[in-house]
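Got a model open and wondering where the labels come from? Let's go through a few of them, one question at a time.

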Amino acid sequence: MYLFIARRLRLPVTGIGLPGHFLCRYQSSTKEIYIDCFRKGIFLTKADCIKYLLHANYGLAEGHLSPVSPKRMLLRMCSNLVLTYGHLEMTEEAARVQRYVNVLSR
């Protein structure tokens with residue numbers, strides 16, 4: 001929702017696909033603010049994001065704080081759904097969404 005609203009308002013907000021967590025980033029020529037949509041929209045700094053990566057043992061890789069494309073966001077959401085459906089033993093749903101993952105991965 002954050003990304004859709006930001007796009008509608010023409011704000012410079014992108015999705016940031018951290019490992020294990022997804023954020024939005026507002027970036028202008030003078031400000032850079034990370035928004036944690038899953039924790040009531042709290043604002044984070046780049047240093048906060050780096051602390052998260054180090055604390056969770058992901059390390060610092062160049063792409064961790066880079067914007068992700070809409071295709072990568074959709075692929076990530078579908079992959080998460082496959083895992084969730086698998087845990088819930090909803091095999092037909094997992095198989096259906098896995099087909100989307102296969103197509104998006106090409």
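Q: What makes up the lining of the largest pocket, by class, in this predicted model?
A: The lining has 14 nonpolar residues, five polar and two charged. Gly goes with the polar class in this scheme.

Q: Which residues lie closest to the centre of that largest pocket, and how many line it?
A: The lining counts 21 residues, and the closest to the centre are Leu-3, Gly-15, Phe-22, Met-73 and Met-77. The volume of the largest pocket comes to about 560 Å³.

Q: Which elements each supply at least two residues of that lining?
A: Helix H1 (2-8), strand S1 (13-18), strand S2 (21-27) and helix H3 (70-87) do. H3 gives the largest share, six residues.

Q: Why is Cys-24 called buried?
A: Its relative accessibility is 2%, and buried means under 20%, so Cys-24 counts as buried. You'll find Cys-24 in strand S2. Its C-alpha is 27 Å from that of Gly-86, a residue 62 places away along the chain.

Q: Why is the pair of Tyr-52 and Tyr-58 called tilted?
A: Two numbers matter here, because a pair of aromatic rings is described by the distance of the centres and the angle of the planes. The centres of Tyr-52 and Tyr-58 are 6.1 Å apart, and the cut-off for a pair is within 6.5 Å. The planes make 40 degrees; under 30 would be stacked and over 60 edge-to-face, so the rest is tilted. A search of the whole structure turns up one aromatic pair, formed by Tyr-52 and Tyr-58.

Q: Are those two tyrosines, Tyr-52 and Tyr-58, buried, exposed or partly exposed?
A: Tyr-52 has 27% relative accessibility and Tyr-58 has 39%.

Q: How do you know that the span of helix H4 is close to what is expected?
A: H4 covers residues 91-104, which is 14 residues, and reaches 20 Å from its first C-alpha to its last. At 1.5 Å a residue, the expected value is 20 Å.

Q: Why can the buried residues of H4 be said to line one face?
A: The buried residues of H4 are Ala-94, Val-97, Val-101 and Leu-104. Looking down the axis of H4, they fall within an arc of 80 degrees, so they line one face of the helix. In general, an α-helix has 3.6 residues a turn, so residues three or four places apart point the same way.

Q: Which exposed residues sit on the face of H4 turned away from its buried side?
A: Thr-91 and Glu-92 do.

Methods
Residues numbered from 1 in each chain as written. Predicted model: local features only at pLDDT ≥ 70, side-chain atom pairs only at ≥ 80, totals over all residues. Heavy atoms only, no water. Phe/Tyr/Trp six-rings, centres within 6.5 Å; stacked < 30°, edge-to-face > 60°. Buried < 20%, exposed > 50% of the residue type's maximum accessible area, 1.4 Å probe, protein only. 1 Å grid on protein atoms, 1.4 Å probe; cavity = no way out; pocket = protein on both sides within 12 Å on 5 of 7 lines; lining within 4 Å. Points joined across faces, edges and corners; volume = space filled by probe spheres on them. Helix = DSSP H or I, 4+ residues; strand = E, 2+ residues; numbered from the N terminus. Expected span 1.5 Å × (residues − 1). Arc of directions from axis to C-beta.
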